[in-house]
Amino acid sequence: NYTSSVATYIDQSGSVSDAELALCFGELGNLAKTTEFTCYHFDTEIDEDSKTVWKRKGHPAHRTRGGGTCFRAPTVHANKRKSEFDGYIILTDGYAGDPGPSRLPRAWVITPDGAVQEWMTRYKSDVIVKMKWPKAMDRSAA
């Protein structure tokens, strides 16, 4: 009866548009119907106050951060909690430097207007997913 425990980190930096942020929240909401997530917001650091457990429902898109981006912040945060999580997902536009390897399985979900960085492919255990804009998505906020 074991169920996995997954952490998610939503990039709240200024380079992630409101439309991309809404898309990330929407996708997590769809996944939360079948999987429980512990979600955090981040930019150059983790916003501990944003910690939310997503279980069977989504949450409205909102910002709690707005600075630059540092992928080392969610990598260190998740690795310190490896007894709590089986892996983690970073939802981002991809614009920041290499955080180094992870001790936990890591997935990169890159927004439609974002970029998969060459260094992301260096870590063979990492999974990379590039999102696409849904046909019905209003991108006026992008």
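In which sense do β2 and β3 pair, and over how many bridges? Strands β2 and β3 pair in the antiparallel sense, and 5 bridges hold the pairing; two strands are said to pair if DSSP finds at least two bridges between them. This is a predicted model, in which local features need pLDDT of at least 70 and side-chain atom pairs count only at pLDDT 80 or more, while totals for chains, interfaces and linings use all residues. Residues are numbered from 1 along each chain as its sequence is written, and side-chain values use heavy atoms, with hydrogens and water left out.

**The sheet**

Helices (H or I, at least four residues) and strands (E, at least two) are DSSP runs, numbered from the N terminus. Six strands form an open sheet with mixed pairing, in the order β3-β2-β1-β4-β5-β6. Because β3 (46-54) and β6 (127-130) each have a single partner strand, they stand at the edges, and one side of each is left without a neighbour in the sheet. From one strand to the next, the twist averages 20°. A hairpin of 3 residues joins β2 to β3, and within this pair His-41 stands opposite Asp-47 in β3. Further along the sheet, β4 and β5 run parallel and are joined by 5 bridges, while β5 (residues 106-110) and β6, which also run parallel, are joined by 4 bridges. Some of the residues that face each other across these strands are listed below.

| Residue | Partner and its strand |
|---|---|
| Leu-91 | Val-109 in β5 |
| Trp-108 | Ile-128 in β6 |

Helix α1 (residues 18-31) lies across β1, β2 (37-42), β3 and β4 (87-92), and runs at about 165° to β1. Helix α2 (residues 72-80) lies across β1, β2, β3, β4 and β5, and runs at about 165° to β4.

**Buried residues and cores**

A residue counts as buried under 20% relative accessible area, as exposed over 50%, and as partly exposed in between (1.4 Å probe, protein chains only). Thr-8 lies in strand β1 (residues 6-11), and it counts as buried because its relative accessibility is 0%. Contact here means heavy atoms within 4.5 Å, and, when residues up to four places away in sequence are not counted, Thr-8 touches Leu-28, Phe-37, Thr-38, Cys-39, Tyr-40, Ile-89 and Leu-91. By contrast, Thr-35, in the loop between α1 and β2, is partly exposed, with a relative accessible area of 26%. Thr-35 and Ser-4 are 31 residues apart in sequence, and their C-alpha atoms are 7.9 Å apart in space.

A nonpolar core is a set of buried Ala, Val, Leu, Ile, Met, Phe, Trp, Tyr and Cys residues joined through side-chain atoms within 4.5 Å. The largest such core has 19 residues, and those with the most contacts inside it are Ile-10, Leu-28, Phe-37, Trp-54, Ile-89 and Leu-91. Two or more residues of this core come from each of β1, α1, β2, β4 and β5, with α1 giving the most, at 6 residues. A second, separate core of 18 residues includes Phe-85, Ile-90, Leu-104 and Trp-108. In β5, 5 of its 5 residues are buried, and both faces are covered, with Arg-106, Trp-108 and Ile-110 on one side and Ala-107 and Val-109 on the other.

**Aromatic rings**

Rings of Phe, Tyr and Trp (its six-membered ring) pair if their centres lie within 6.5 Å, and planes under 30 degrees apart count as stacked, over 60 as edge-to-face and the rest as tilted. By this rule there are 6 aromatic pairs. The rings of Tyr-9 and Tyr-88 have centres 5.9 Å apart and planes at 90°, so this pair is edge-to-face. Since Tyr-9 lies in strand β1 and Tyr-88 in strand β4, the pair ties together parts that are 79 residues apart in sequence, and both tyrosines are buried. Elsewhere, ring pairs link Phe-42, Phe-71, Trp-108 and Trp-119 into a cluster.

Methods: Axes fitted to C-alpha atoms, helices over the stretch in contact; angles between N-to-C directions.
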